[in-house]
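Hi,

Here is the structure I promised to pass on to you. Have a look at it first, and then read on for what turned up in it.

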Amino acid sequence: MRHLHPRTAARRGLSAPIAYVLTAILILIWLPAGAEGTQRLDAYLKGLTSLEADFAQFTFNADRTRMMEGRGTFYLQRPGRFRWQYETPGKQVIIADGKRVYLHDLELDQVSHQSEEKALRGTPALLLANNDPIDRHFTAKPIDSTDGREWVELTPKAADTDVIRIELGFGDTGIESMIMEDSFGQTTRLNFTEIKRNPALDAALFTVDEKAGGDFLSFD
């Protein structure tokens, strides 16, 4: 296993946009009910064991200039496992097996991995990972809709998180949109389509073969 010099790791580690994606995923995995404004979430998560959906991801900077557009497929297996598979703009896969987070760049033939705690440091996802009640870390409230969906806003109570606001949009098929704004004014929007609730998923989707070849880079 190859280990990078800390300065190299800092430049090449799991990026902030990926951490925001992980925030979105962990909200789906661990978000409990009980706080005002989360009743819709409670109904959605009840009985949910697995999920598959196509996604489109759009990231904008503070002046609303589009910085990135990505598309792919998302797989979730509760508890704690997911696969976020990008087809564009480059072929990349983010996998969590419940303990570690792996970023596999297929074009570079390279896997970067970190402990979940380190990969999510500075994001609300780290707070959600310990199964604390949602109202311990977030203020949740319903917000007005302009598109016919039901929207819930989550605001972190901590002052030192990178993500400062999260909005969840519910349609007929469940969570169809998620919008995250960070402390630098950057906004990431995720739209979900072709949503399948509780499909049978192959366990191999959530594993990484360390002997498959290429670089296997640890950032711990």
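Predicted model: local features only at pLDDT ≥ 70, side-chain atom pairs only at ≥ 80, totals over all residues.

A word on naming before we start: a strand, written E, is a DSSP run of at least two residues, and strands are numbered from the N terminus.

Is Glu153 buried or exposed? Its relative accessibility is 12%, and the cut-off for buried is under 20%, so Glu153 counts as buried. Leaving aside residues up to four places away in sequence, Glu153 touches Thr139, Ala140, Lys141, Ile143, Arg165, Ile166 and Glu167.

Next, the aromatic rings. Searching the whole structure gives six aromatic pairs. One of them is formed by Phe55 and Tyr86, an edge-to-face pair with 5.2 Å centre to centre and 85° between the planes. Phe55 sits in strand E2 (residues 50-60) and Tyr86 in strand E4 (residues 81-88), so to speak two distant parts of the chain, 31 residues apart, that the pair links. Both residues, Phe55 and Tyr86, are buried.

Another pair joins Tyr102 and Phe216. Why is this pair called tilted? The ring centres are 6.3 Å apart and the planes stand at 45°, which lies between the limits of 30 and 60 degrees, so the pair is tilted. Because Tyr102 belongs to strand E6 (residues 100-105) and Phe216 to strand E13 (residues 215-218), the pair ties together parts that are 114 residues apart in sequence. Tyr102 counts as buried at 9% relative accessibility, and Phe216 is buried too, with a relative accessible area of 9%.

There is also a cluster of rings: Phe55, Phe74, Trp84, Tyr86 and Phe192 are linked into it by ring pairs.

With E13, E7 pairs in the parallel sense over four bridges. There, Val111 has Phe216 as its bridge partner in E13, and Phe216 is the residue whose ring pairs with that of Tyr102.

Enjoy exploring it, and write back with any questions.

Best wishes

Notes. Residues numbered from 1 in each chain as written. Heavy atoms only, no water. Phe/Tyr/Trp six-rings, centres within 6.5 Å; stacked < 30°, edge-to-face > 60°. Buried < 20%, exposed > 50% of the residue type's maximum accessible area, 1.4 Å probe, protein only. Pairing = 2+ DSSP bridges. Contact = heavy atoms within 4.5 Å.
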